[in-house]
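The sequence and structure come first.

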Amino acid sequence: MKITTGIDIIEVNRIEEMIREHGDVFLKKIFTQNEINYCNKSNMHKYEKYAVRFAAKEAVFKALDIEDVTNISWRDIETLNKQNKRPIIRLDGQLAKYLEKIENIDISLSHIKETAIASVVVNWKEN
């Protein structure tokens with residue numbers, strides 16, 4: 001079985017600045033409506049939640065080792081939460097074609113006031 005990983009760390013204030021400067025244009029370009037709804041539920045950690053989801057998208061791109069990103073949207077990667085709050089990744093659009101080759105995608109997210117980090121492990125099916 002082939003295993004690939006991706007990790008990304010980002011400063012929360014970078015995402016906060018983009019949201020404040022570009023508002024809905026930025027949000028709708030990067031995040032799905034489900035992600036926007038989740039992050040906006042609480043103002044307490046809103047920007048940390050956006051930042052960690054941005055880091056998740058970057059980590060997934062790295063773990064999938066995508067060579068041609070010309071037709072891929074940021075919104076093709078969605079971070080959702082199970083009922084137990086554990087994050088999961090959903091691939092859509094151009095990235096959905098990878099699903100037939102993937103056994104499992106595991107993700108871990110963490111954030112504090114200043115930084116957010118995401119780590120992704122992809123277990124590929126045997127050929």
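This is a predicted model: local features need pLDDT of at least 70, side-chain atom pairs count only at pLDDT 80 or more; totals for chains, interfaces and linings use all residues.

Isoleucine 7 belongs to strand S1, which spans residues 3-11. Together with Ile9 and Ile117, Ile7 makes up a nonpolar patch on the surface. The accessible area of these residues together is about 270 Å².

## Nonpolar core

The largest nonpolar core contains 37 residues, and Leu64, Leu91 and Leu95 have the most contacts inside it. At least two residues of this core come from each of H1 (12-30), H2 (33-40), H3 (46-64), S3 (87-91), S4 (102-111) and S5 (115-124). Helix H3 supplies the largest share, twelve residues.

Leucine 64 touches Leu91, Leu95, Tyr98, Ile102, Val122 and Trp124, when neighbours within four places in sequence are left aside.

## The buried side of H2

Which residues of H2 are buried? They are Glu35, Ile36 and Cys39. These residues lie on the same side of H2, because the arc they cover around the axis is only 100°. In an α-helix, residues three or four places apart point the same way, because there are 3.6 residues a turn. The buried residues of H2 pack against H1, H3 and strand S2 (77-81).

## Salt bridges

How many salt bridges does the structure hold? There are six. One of them pairs glutamate 35 with lysine 57, with 3.0 Å between the closest N and O atoms. This pair links distant parts of the chain, since glutamate 35 is in helix H2 and lysine 57 is in helix H3, 22 residues apart. Glutamate 35 counts as buried because its relative accessibility is 0%. Lysine 57 is also buried, with a relative accessible area of 0%.

Arginine 86 and aspartate 106 form another salt bridge, the closest N and O atoms being 2.3 Å apart. Arginine 86 sits in the loop between S2 and S3 and aspartate 106 in strand S4, so this pair ties together parts 20 residues apart in sequence. Arginine 86 is partly exposed at 35% relative accessibility, and aspartate 106 is partly exposed with a relative accessible area of 33%.

Arginine 90 pairs with aspartate 92, with the closest N and O atoms 3.8 Å apart. Arginine 90 has a relative accessible area of 36% and is partly exposed; aspartate 92 is partly exposed, with a relative accessible area of 36%. Through salt bridges that share partners, Glu78, Arg90 and Asp92 are joined into one network.

Note on methods. Residues are numbered from 1 along each chain as its sequence is written. Side-chain values use heavy atoms; hydrogens and water are left out. Patches are made of residues with over 30% relative accessible area and no salt bridge: like charges are joined within 9 Å, nonpolar side chains (Val, Leu, Ile, Met, Phe, Trp, Tyr) within 5 Å. Accessible areas come from the Shrake-Rupley method with a 1.4 Å probe; for residues, only the protein chains shown count as cover. A salt bridge is a side-chain nitrogen of Lys or Arg within 4 Å of a carboxyl oxygen of Asp or Glu. Helices (H or I, at least four residues) and strands (E, at least two) are DSSP runs, numbered from the N terminus. A nonpolar core is a set of buried Ala, Val, Leu, Ile, Met, Phe, Trp, Tyr and Cys residues joined through side-chain atoms within 4.5 Å. Buried means under 20% relative accessible area, exposed over 50%, partly exposed in between (1.4 Å probe, protein chains only). Contact means heavy atoms within 4.5 Å. The arc is that of the directions from the helix axis to the C-beta atoms.
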